[in-house]
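Good morning, everyone, and thank you for making time for this. I would like to walk you through one structure, slowly, and I ask you to keep it in view while I talk.

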Amino acid sequence: DRDEDLWVHEAVATCQMARDKLHFDKAEKWLLRLREKNKQKGKYPERKLEEAIGEAWFRLCDQASMKGLWALKRYFLSPLSKWGKIEALRRLKFAAKCLLGYSAEEYRVAV
């Protein structure tokens with residue numbers, strides 16, 4: 001429904017998504033739907049939109065790094081992980097944070 005779409009849009013855009021399966025499922029479905037709607041309407045260049053969606057997915061998963069392997073698997077098992085132009089070093093840092101259980105906020109403060 002429209003209210004939920006607006007809520008998910010805001011949560012994804014601000015990286016304020018709750019870090020649990022239910023909310024990540026909603027975010028992933030919403031991002032996939034965004035791409036499909038654009039394919040139908042052709043409003044934005046397809047590859048550029050996919051890159052933006054892939055970046056948004058990476059940021060969400062990075063914010064959930066304290067969830068450990070769950071966040072790492074959520075990121076890499078999603079088709080959204082293939083769309084972003086995420087540098088190898090950023091992916092490596094994300095994987096390390098997940099394996100060590102750091103949150104993104106803790107990591108920024110510690111470095």
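I will go through the helices, a network of charged side chains, a pocket, a surface patch and a few pairs of residues.

Before that, a word on conventions: this is a predicted model, in which local features need pLDDT of at least 70 and side-chain atom pairs count only at pLDDT 80 or more, while totals for chains, interfaces and linings use all residues. Residues are numbered from 1 along each chain as its sequence is written, and side-chain values use heavy atoms, with hydrogens and water left out.

Let me begin with helix α3, which covers residues 46-63; helices here are DSSP runs of H or I with at least four residues, strands are runs of E with at least two, and both are numbered from the N terminus. How far should the 18 residues of this helix span at 1.5 Å a residue? The expected span, taken as 1.5 Å times one less than the number of residues, is 26 Å, and the end C-alpha atoms are 26 Å apart, so the two agree.

Glu50 forms one with Arg47, where the closest N and O atoms are 3.2 Å apart, and both residues lie in α3, 3 residues apart, about one turn of the helix. Is Glu50 buried or exposed? Glu50 counts as buried because its relative accessibility is 8%, whereas Arg47, with a relative accessible area of 38%, is partly exposed.

Arg47 also has a salt bridge with Glu51, the closest N and O atoms there being 3.7 Å apart, and this pair is 4 residues apart within α3, again about one turn of the helix. Glu51 is buried, with a relative accessible area of 15%. Salt bridges that share partners join Arg35, Glu36, Arg47, Glu50, Glu51 and Lys85 into one network.

Another salt bridge pairs Lys39 with Glu46, with the closest N and O atoms 3.8 Å apart. Lys39 is placed in helix α2 and is partly exposed because its relative accessibility is 40%, and Glu46, at 39%, also counts as partly exposed.

On a 1 Å grid over the protein atoms alone, a cavity is a set of points where a 1.4 Å probe fits but cannot get out, while a pocket is an open set with protein on both sides within 12 Å along at least five of seven lines, and lining residues have an atom within 4 Å of a point. About 440 Å³ of space lies in the largest pocket, its volume being the space filled by probe spheres set on grid points that are joined across faces, edges and corners. Its lining has 17 residues, of which Asp5, Leu6, His9, Trp30 and Leu34 lie nearest the centre. The elements giving two or more residues to that lining are α1 (2-13), α2 (21-41) and α3, and the largest share, 7 residues, comes from α1.

On the surface, Leu69, Leu99, Leu100 and Tyr102 form a nonpolar patch with about 440 Å² of accessible area together. Patches are made of residues with over 30% relative accessible area and no salt bridge, joining like charges within 9 Å and nonpolar side chains (Val, Leu, Ile, Met, Phe, Trp, Tyr) within 5 Å, and the areas come from the Shrake-Rupley method with a 1.4 Å probe, where for residues only the protein chains shown count as cover. Leu69 belongs to helix α4, residues 69-77.

Finally, Tyr75 also lies in helix α4 and is buried, at a relative accessible area of 0%; Tyr75 and Asp62 are 13 residues apart in sequence and 8.6 Å apart in space, C-alpha to C-alpha. For Pro79 and Leu99, the separation is 20 residues in sequence and 22 Å in space, C-alpha to C-alpha.

Technical notes: A salt bridge is a side-chain nitrogen of Lys or Arg within 4 Å of a carboxyl oxygen of Asp or Glu. Buried means under 20% relative accessible area, exposed over 50%, partly exposed in between (1.4 Å probe, protein chains only).
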